[in-house]
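Dear colleague,

Please find the structure below, handed over for your records. My notes on selected residues and side-chain pairs follow it.

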Amino acid sequence: MSQILPLLATVFDLLLVVVGFGLIIVIHELGHFVAARWAGIRVFAFAVGFGPAVASYRKGMGWRRGSSEADYRATLADRGLTVHDAAPGDISPTEYRLNWLPFGGYVKMLGQEDANPNATSHAADSYQNCHPAKRLVVISAGVVANVVLAAFIFMFVFMVGLQTEPPRLGLVATDGPAAAALPVDPTVIEAGLRPGDTVLEIGGREARSFNDIMLASAMAQPGRAIDVMVERRGYEQPLAFEVMPRTSPATGLQEIGIAPAQSNEVFDDAGDREGFDRVMTMLGLEGVPPAARLVSAQIGDAVPQDVEDAGLLTTVFAESQGKPVTESPQTHLLGCFPVLAVGPLDESARGFELGLREGDVFIRLGSLEYPSITDGSDEIRRHAGKDIPIAVIRGGETIEFSASVSRAGQVGFIPEQTLDQALLARPSSVEGLVQPAIDRAGLTVVSIAGVPVSTFAEIRSALLDATAEAASQDSAASVEFSVRLPGGEPGTTAVQQRTLELAPEQVATLHDLGFAPPIGLMSAFKPAEFTLRADGPIDSVRVGLAETHRVMLMTYVTFARLFQGSVKVEHLKGPVGIAHLGTRVADRGLIWLLFFMALISVNLAVVNFLPIPIVDGGQFLFILFEWVRGKPVPEAVQSVATIAGLLLIGAAFLIVSFIDIRNVVSGL
């Protein structure tokens, strides 16, 4: 039953998304219908859904089970008329239909079929005999209806309030663009955005939520810095920076190396108290109950710090300010890396089915021994679509097996780091603190300057104590430490003595390290959220219109970035991807689902008005050409253009659907 209920919830969410998407299409067609009636064009049908009719209504004939079309044609035939003759005054030519597949809809006008330019009529109230100016209104009305619908939904959403992440920075990757942001006025502030900064503007636009920051970064002009205005505690005036986005190796989109702020509230148990307690124990928070609030944190003997502000969460582990191995940020101590391990792993996870277990430590992954989280992730991606040999330490035993890597480059587990051990990963290319004394992977640091250590935090504390005098004198330091060789058990004699020779700048860097919460620890806390709401009904109109304009602009920018290469085809979503994403959005509640539908409505409007013959934008150009030239575009040209448009739309549909299905399957 515990597995059936989530499945039923997902099916229900999917049904909501499909019905919502269908209603958006119905509104689009309703725009065409209303405009056609205004223009005096004869409309044969306004249908909700596709396929055979469930029920229909026609003025003069009333309600019918099924369609009234056959009876209507028979009545016309009895009077010696056809559907192309003038419509009789006592029976409406328009049938309102509810079809069996209620996912979308259509309008059927006399003399107008998008896929058949030859379907013309010379009747006085046909589409062809309508003035081009009115036809431009008719063909544009669907797009206008979608834009108006989106604006009204946005107005409602922001009047009620949207629960979302605030535009406040949480983690700022020490190797990322945000950490290297250049101040516009360096005499006021040093370089770099910081955790806790609230972004007021980015790229010249107001940042109302964290999503606005991510979107502005992804859609920034490639190779050009973006302006960021932030509010920072301790400064009365906003601070201006310039940030150069980079391409994320994980998503392929531009980003600036930030994460949303976390709250100080622990997640609840979601009905699985046993699993919750197991995860909290693993994170070093044993005994912390669900929904508890963190109010202070202490670093060693330091004064406890108030952490009610989620942007100021602190912990005992330091991140290096040095150059990283790759563009992916990773916790390390100036080149001394922990080893990749398996985080919380549910039995339904793909990695569990392949043989991994929570707490496994990788001693071999592909061609790497004792990989770090970054090197290990890169190695897995290199084996995309292939098998990868794996050896892990589990309960003191070595377990070896082979696992298949998905085409997306995933095995199916949450990566963790051995922060609770003093185990060192394979030497990296980073010029760091411990690396000069490391000649092989899998060493376990036993002591530093005679002080026993068992975790990475203890390594740092012992190094700080051993180099305190050298740091005060800005001099070099020599530190004795011991390591246990790979495979050596605690208490054995397989221990070697090593010496670290540290230059003055290395000592200074060690003592300049700031504190940042490990990703694992931060996973215990809920993301920070706030209610994004307009200041009253009048302001909701302003906000709704502004959001509609912003989404329209960003949709066009997306196409521009697609041609420039900063947005890839795999980032686009087709019907499958929209449905999959919609089910995840629906989990956040009705308001989020409405917000998502408004986004879809705007995107549908933009795509429909592209200059492609088969969609409204292409038809608009044909009519405009006819109005200027004085006669229609030749039917042969229209036919060829229509076929080309169909092929283009069909190819795009197949490509994005293939990518969507691949992404959904690889994520299972």
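Is arginine 232 buried or exposed? Arginine 232 is buried, because its relative accessible area is 5%, where buried stands for under 20% relative accessible area, exposed for over 50%, and partly exposed for the range in between (1.4 Å probe, protein chains only).

Please note that this is a predicted model, in which local features need pLDDT of at least 70 and side-chain atom pairs count only at pLDDT 80 or more, while totals for chains, interfaces and linings use all residues. Residues are numbered from 1 along each chain as its sequence is written, and side-chain values use heavy atoms, with hydrogens and water left out.

Salt bridges

A salt bridge is taken here as a side-chain nitrogen of Lys or Arg within 4 Å of a carboxyl oxygen of Asp or Glu. By this rule there are 21 salt bridges.

Arginine 232 pairs with aspartate 197 in a salt bridge, with an N to O distance of 2.7 Å. This pair links distant parts of the chain, 35 residues apart: aspartate 197 is in the loop between β6 (182–183) and β7 (198–202), and arginine 232 is in the loop between β9 (226–231) and β10 (239–243). Helices (H or I, at least four residues) and strands (E, at least two) are DSSP runs, numbered from the N terminus. Aspartate 197 is likewise buried, given its relative accessible area of 2%.

A salt bridge also joins arginine 135 to glutamate 626, where the closest N and O atoms are 2.8 Å apart. Because arginine 135 belongs to helix α3 (residues 132–160) and glutamate 626 to helix α15 (residues 616–629), the pair ties together parts that are 491 residues apart in sequence. Both partners count as buried: arginine 135 has 4% relative accessibility, and glutamate 626 has 14%.

Arginine 58 is buried, with a relative accessible area of 0%, whereas glutamate 69 is partly exposed at 23%. Arg58 and Glu69 also belong to one network with Arg73, Glu95 and Arg97, joined by salt bridges that share partners.

Loop residues

Tyrosine 370 is located in the loop between β19 (368–369) and α7 (373–382), and it counts as buried at 13% relative accessibility. Aspartate 474 sits in the loop between α9 (468–472) and β25 (477–484) and is exposed, at 57% relative accessibility.

Aspartate 269 occupies the loop between β14 (262–266) and α5 (273–282). This residue is partly exposed, with 24% relative accessibility. Leaving aside residues up to four places away in sequence, aspartate 269 is in contact (heavy atoms within 4.5 Å) with Phe276 and Pro290. The C-alpha atoms of aspartate 269 and alanine 291 are 8.2 Å apart, although 22 residues separate the two along the chain.

Yours sincerely
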